[in-house]
Amino acid sequence: MKTLIVVPAFNEQDSIASVISDLKKHGYKEILVVDDGSTDLTKLISQKEKVKVVNHIVNRGLGAALGTGFEYARKNNFQAVVTFDSDGQHKAESLKALLDPIAKNLADVVIGSRLLKNLSEMPKDRLVISYLGNILTYILYGFISTDSQSGLRAFNKKAINCITIKTDRMEVSSEFLKEIKRNKLRYKEVPIKPIYTEYSRASGQSNINSFNVALKMFLRLFR
Amino acid sequence: MLIIQILLIVFLIFALSRVVLRFRSGQIKATEFFFWSVLFISAIAVVTFPQETTNLANILGIGRGVDLVVYASIVTLFYLVFRIYVMIEDLRHEITLLVRKIALRQTQSKLSLK
């Protein structure tokens, strides 16, 4: 199965090399780093690691970077896409379980949920935000997920072709679920064990930013 | 007629003239021309005949005409702010599409050079 690993990255010079080498070590060769207008060495380091790099000339946000990854996958005829965080939160060893339902044609979209197992390891503030995200996603889009804000996702070709990403920033996580429902895609969750470090916590969705994300999701309904 | 009424009417006529000029030069659409014209003409009518707004306010169950004008203005302003928010979001998304196109084109040309 021709699988593209999309790694959206914005100013991740400290973690990007280890993320790429972890993926390569586990046999994933088709890696696309979407450098989202980084002002540090993210692009150079990625190029040195000999992976494909596409560069946004200005920072457009997570949703925009993932949208570029999807567009690249469509143009280059990939059969599956995995979205993988660049802050070192995800482990490449989780991908086997994530891609398994896609390879066996049991699901169109698989999300790696941090809240199916090992709940005690998740920082409390992140746990609360994740639950609030899940509740909001259910209220706004009627979609039940145990981890609506997870960044580790796998999509098959059908999903790649029919999902349309319109949001540019962090709201994209919930938008994926909205699109799954709209397109009646088969959805599955697998448990993952994320690595929480000070670095990955600082570079992800901040707690204050979560309010902004929620507001944008709400306002989108009235467009 | 009070001085404030004269000043407001002069300003509103100026605003209306801008709407007409923008429409003539093709910068705004017919629907937008209609919306802004109705808004400014209504404002001129309200400033010229303030007593009429009190009659209308009484029909709607509001005490004073000026209260009706304030309520209507706030609602209109909120709506316009929301429209501007939507417009800015659309513009941002268009910038994203442009940035994406440039990013993918650069990659494509690099591949063809190889």
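Chain A contains 9 helices and 7 strands, where helices (H or I, at least four residues) and strands (E, at least two) are DSSP runs numbered from the N terminus. Its radius of gyration is 16 Å, close to the 17 Å that the globule rule gives for 223 residues, so chain A is as compact as a globular protein of that length; the radius is taken over C-alpha atoms, and the rule is 2.2 Å times the number of residues to the power 0.38. This is a predicted model, in which local features need pLDDT of at least 70 and side-chain atom pairs count only at pLDDT 80 or more, while totals for chains, interfaces and linings use all residues. Residues are numbered from 1 along each chain as its sequence is written, chains are lettered from A and ligands numbered from 1 in the order in which they are written, and side-chain values use heavy atoms, with hydrogens and water left out.

**The two chains**

Chain B has 4 helices and 0 strands, and its elements run α-α-α-α from the N terminus on. The radius of gyration of chain B is 23 Å, well over the 13 Å that the globule rule gives for 114 residues, so chain B is more spread out than a compact globule.

The table sets out further values for each chain. In it, buried means under 20% relative accessible area, exposed over 50%, and partly exposed in between, with a 1.4 Å probe and protein chains only. Contact means heavy atoms within 4.5 Å, and accessible areas come from the Shrake-Rupley method with a 1.4 Å probe, where for residues only the protein chains shown count as cover.

| Property | Chain A | Chain B |
|---|---|---|
| Buried residues | chain A: 52% of 223 residues | chain B: 23% of 114 residues |
| Accessible surface | chain A: about 9,900 Å² | chain B: about 8,500 Å² |
| Part of that surface from carbon and sulfur atoms | chain A: 57% | chain B: 72% |

As for charge, chain A carries 34 positive and 23 negative charges, whose mean positions are 6 Å apart, whereas chain B has 12 positive and 6 negative side chains, with the centres of the two sets 16 Å apart. Here Lys and Arg count as positive and Asp and Glu as negative, while His and the chain ends are not counted; the place of a charge is taken as NZ of Lys, CZ of Arg, CG of Asp or CD of Glu.

**The interface**

Contacts between the chains involve 17 residues of chain B and 23 residues of chain A. The area buried between them is about 1,800 Å², of which carbon and sulfur atoms give 58%; buried area is the accessible area (1.4 Å probe) that two parts lose on being put together, summed over both. Of the area that chain B buries against chain A, Val99(B), Arg100(B) and Leu104(B) supply 29%, more than any other three residues.

**Local features of chain A**

In helix H7 of chain A (residues 172-182), 8 of the 11 residues are buried, so this helix is largely enclosed by the rest of the structure; the buried residues include Phe176(A), Leu177(A) and Ile180(A), and also Glu175(A) and Glu179(A). Glu171(A) is found in the loop between helix H6 (157-162) and H7 and is itself buried, with a relative accessible area of 5%. Not counting residues up to four places away in sequence, Glu171(A) touches Val213(A), Lys216(A) and Met217(A). Just after H7(A), Lys184(A) takes a positive phi of about 50°.

Most residues other than glycine have a negative phi. Asn11(A), although not a glycine, has a positive phi of about 50°; Asn11(A) sits in the loop between strand E1 (3-9) and helix H1 (16-25) of chain A and is partly exposed, with a relative accessible area of 28%. Lys50(A) also has a positive phi, near 60°, and lies in the loop between helix H2 (42-48) and strand E3 (52-56) of chain A, where Lys50(A) is exposed with a relative accessible area of 71%.

**A loop in chain B**

Gly26(B) lies in the loop between helix H1 (3-24) and helix H2 (30-48) of chain B, and is exposed, with a relative accessible area of 58%. Gly26(B) and Phe49(B) are 23 residues apart in sequence and 33 Å apart in space, C-alpha to C-alpha.
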